[in-house]
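Thanks for taking a look at this one with me.

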Amino acid sequence: MTDYDLIERLTTTFRDLERDLYQLREQLNSYRLLAGRVFPLPAIEKGKEHEPLRQIEVTQKIGQQAHETTMTHFTRLFIQQQSEKISSKAAVRLPGAVCYAVNEEEYRQTEELITSVNQRKLALEKIISVDSALPSVQRFEWVHRHIPGLITLNAYRTISLIDNPTTLRFGWANKQIIKNLTRQEVIMMLEKSLKANRAVPPYTREQWAEQIERELNNVAMLPASTKLKIKRPVKVQPVARVWYQEQQKQVQLACPSPLVVLCRQDNGEAPPEIGELLNYDADNIRHRYKPEAQALRLLIPRLHLYCEQ
C-alpha cells in the first residue's frame, strides 16, 4: 500500500467517525432522558501521567447535566477541546450511565450507529498502530501531521450499549498485565533494543547500549528453562457491574465512558437503578479473595521483568 493510500484511509476513516459521533449526539439529544448519573474524575496534568494514584476524588452529575457531559465526552477528539494543562497522554475518564426512552425503530437506528462508531474506532486504531508500520514515536508525528491535535486515546475508545439491565453498580479495579516469556524471547527483545541504537533520557546512546548489554548478560546467564514474566501494574480503573435479573447474571465491564442504555418502554422495559461511584483510596481496599503471591525475583526493573524463584 502506498503512503498516499494509507493517508487517504486515515483521513476518510476519521471523517466518517467524526460524522457518526455527531449523528449519535443528535439522536441521543432527541430522546427523552430517563436517568443519568456520571462521575467526572480529576484530570491528569501534563508531566504527571506516570505518577501512582493513591486517591481519586469523585464528583457527580445527574440528569440533564449528566447527558450534556456525556455528549461532550463522546465527541472530545482534539487537544484544542481541553485545557492546555491537561495531559493528552492520559485519557479523560467519565464512568457512569445515561438512559433514554426509545421505540423499537429508534433502538435499531441507534444500535446500528453505535456499532458503526465502534467499527470505525477499531479501523482507525488499526491504520495507526498496525498498517502504518511505524514505531510509536514516529506514529505520533505522522498522525498529527494529517489530523492535527487528535487525541488517539479518546478516538480509539469504544462506546458500550447495554441491553435492558436491572441495576448498574460502579467500583474500582486494580489489575496487572502479565505476560509469560521464555529466556530466548527476552534475549531477542533486548537485542532488538540494542540494534535500534538510540538514546533514552537521561542516558546517552553509549550509556543506554551498556545498560542493555548488562541486561542481556544477566538474562543469558539464566538456565534455558527459566520461566520469565512481565508483571506490570495497570493504573486503577473504574468498572461497571451490570446485573440482569431475568438471567440472574452479572457482567463486569471497564467503564472509562458512560454506558448507554436504551429503554423500550413499549416492551415493558424499565430504566435500571444506577448506583454511585465512591472515592478511591488505595490504603483502604478490601479484597474479597487475594491469592498467595508467587515467589518471583525482579530481574529488569524498567521492564517489570521477573523470573520464578
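1. A word on terms before we start: helices (H or I, at least four residues) and strands (E, at least two) are DSSP runs, numbered from the N terminus. Residues are numbered from 1 along each chain as its sequence is written, and side-chain values use heavy atoms, with hydrogens and water left out. Please keep in mind that this is a predicted model, where local features need pLDDT of at least 70, side-chain atom pairs count only at pLDDT 80 or more, and totals for chains, interfaces and linings use all residues.

2. Have a look at the loop between strand 7 (228-244) and strand 8 (249-254), where you will find Gln248. Gln248 is not a glycine, yet its phi is positive, at about 50°. With a relative accessible area of 52%, Gln248 is exposed (exposed means over 50% relative accessible area, buried under 20%, and partly exposed in between, with a 1.4 Å probe and protein chains only).

3. His304 sits in the loop between strand 12 (296-300) and strand 13 (305-308). His304 also has a positive phi, about 55°, without being a glycine. Its relative accessibility is 26%, so His304 counts as partly exposed.

4. Now for strand pairing, which requires that DSSP finds at least two bridges between two strands. Strand 1 (residues 32-38) runs antiparallel to strand 4 (residues 96-101), and 6 bridges join them. Val38 has Gly96 in strand 4 as its bridge partner.

5. Strand 1 is also joined to strand 3 (residues 61-62), by 2 bridges and again in antiparallel fashion. Here Arg37 has Ile62 of strand 3 as its bridge partner.
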